[in-house]
Amino acid sequence: MVYSKKPLVGIIMGSSSDSRIMQGASEILDQFNIKHEDQIVSAHRTPARLSEYAKHAENMGFKVIIAGAGGAAHLPGMIASHTIIPVIGVPILVYNDKNAKKSDTSKFSAFGGLDSLLSITEMPSGSPVVSVGVNKSANAAIYTMKILANEFPDLQKKLKIHKSDQHDSVIKESDQLKKQGLSKFAQNKFK
Ligand code: RP5
């Protein structure tokens, strides 16, 4: 089912380096056929663009904005200060590693993503931004769909199926574990 011809969700991130994590949100939204528009908007490197983006998001009629940022992570809060569209923040562990290789962990946040998590969740009273866990962009997408499902009953059905699929996969794995024994199961799973 096509829910809307126009994107319903805006995904933004502070840097191209965030795209590795933020793609998790787009994968889930694509899987559920939810149109989204994706952009890089830096709160400190493109501050004017940030306020323009908020106007753009309202003009586009986005229902939710998913905003990912690392380090000081002021992007979600700043966007929320410009619009009443609900903002879901994704705290990102990677920091200042635009040019780093995937294997290079030396440029990860000194505070393990806690810096970003607190920046997003500790918005002063009156200017709320909700947050998912560090790097959990897929959860931001699932939560977004829970909000959208208030409007689209078909999406409610799909989310219920998603939940029962999760249930079934746990039961299936538990049966395998019981049959094989814990040691063999773990060896097979992680070999
Ligand atoms: C934040 O600074 C971005 O969200 C990113 O997570 C972090 C580092 O940016 P780069 O130096 O990788 O561009 O604004």
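Q: How many salt bridges are there between domain 1 and domain 2?
A: Zero salt bridges are counted between domain 1 and domain 2. Keep in mind that this is a predicted model.

Q: Okay, and which residues belong to each of the two domains?
A: The domain assignment gives 2-151 as domain 1 and 155-189 as domain 2.

Q: What does the contact take from each side?
A: Nine residues come from domain 1 and five residues from domain 2.

Q: How much area do domain 1 and domain 2 bury between them?
A: About 740 Å², and 73% of that is on carbon and sulfur atoms. On the domain 1 side, Tyr-3, Phe-32 and Ala-149 supply 61% of the area buried against domain 2, more than any other three residues.

Q: And how many residue pairs are in polar contact across that interface?
A: Two residue pairs, both at pLDDT 80 or more. By class, the side of domain 1 that touches domain 2 has seven nonpolar residues, one polar and one charged.

Q: How far apart are the C-alpha centres of the two domains?
A: The centres of domain 1 and domain 2 lie 30 Å apart.

Q: Back to salt bridges. How many does a search of the whole structure find?
A: Three salt bridges turn up in the whole structure. As a general point, side chains of opposite charge can pair when their charged atoms come close.

Q: Which residue does Lys-63 pair with?
A: Lys-63 forms a salt bridge with Glu-151, and their closest N and O atoms are 3.5 Å apart. Lys-63 lies in the loop between α2 (47-60) and β3 (64-70), while Glu-151 lies in the loop between α5 (137-148) and α6 (153-180), so the pair ties together parts that are 88 residues apart in sequence.

Q: How accessible are those two?
A: Lys-63 counts as partly exposed at 31% relative accessibility. Glu-151 is partly exposed too, at 45%.

Q: What about Asp-154, which residue does its side chain meet?
A: The side chain of Asp-154 meets Lys-158 in a salt bridge, 3.7 Å from N to O. Asp-154 and Lys-158 are four residues apart in helix α6, so about one helical turn separates them. Asp-154 counts as partly exposed at 24% relative accessibility, and Lys-158 does at 27%.

Q: And where does Glu-173 find its partner?
A: At Lys-189, with the closest N and O atoms 2.8 Å apart. That pair links distant parts of the chain: Glu-173 is in helix α6 and Lys-189 is in helix α7 (residues 182-190), 16 residues apart. Glu-173 is partly exposed, with a relative accessible area of 32%, and Lys-189 counts as partly exposed at 43%.

Q: New topic: backbone angles. What is the phi of Ala-73?
A: Ala-73 has a positive phi of about 45 degrees although it is not a glycine. Ala-73 sits in the loop between β3 and α3 (75-82).

Q: Is Ala-73 buried or exposed?
A: Ala-73 is buried, because its relative accessible area is 2% and the cut-off for buried is under 20%.

Q: How about Asn-135, what is its phi?
A: Asn-135 is not a glycine either, and its phi is positive, about 70 degrees. Asn-135 is in the loop between β5 (130-131) and α5. At 26% relative accessibility, Asn-135 counts as partly exposed.

Q: Let's switch to His-36. Where is it found?
A: His-36 is found in strand β2 (residues 36-40). His-36 counts as buried, at 17% relative accessibility.

Q: Which side chain does the side chain of His-36 make a polar contact with?
A: With the side chain of Asp-30, at 2.7 Å. Not counting residues up to four places away in sequence, His-36 touches Pro-7, Val-9, Ile-11, Ser-26, Leu-29 and Asp-30.

Q: Zooming out, how many helices and strands does the chain have?
A: Seven helices and five strands. Along the sequence, the pattern reads β-α-β-α-β-α-β-α-β-α-α-α.

Q: What share of the chain is buried?
A: Buried residues make up 40% of the 191 residues. Among contacts in the chain with a separation of 6 or more, 66% come from residues 24 or more positions apart.

Conventions:
Residues numbered from 1 in each chain as written. Heavy atoms only, no water. Domains from an automatic or database assignment. Contact = heavy atoms within 4.5 Å. Buried area = accessible area lost by both parts, 1.4 Å probe. Salt bridge = Lys/Arg side-chain N within 4 Å of Asp/Glu carboxyl O. Polar contact = N/O pair within 3.5 Å; in protein donor to acceptor, adjacent residues only side chain to side chain. Nonpolar A, V, L, I, M, F, W, Y, C, P; charged D, E, K, R; others polar. Helix = DSSP H or I, 4+ residues; strand = E, 2+ residues; numbered from the N terminus. Buried < 20%, exposed > 50% of the residue type's maximum accessible area, 1.4 Å probe, protein only.
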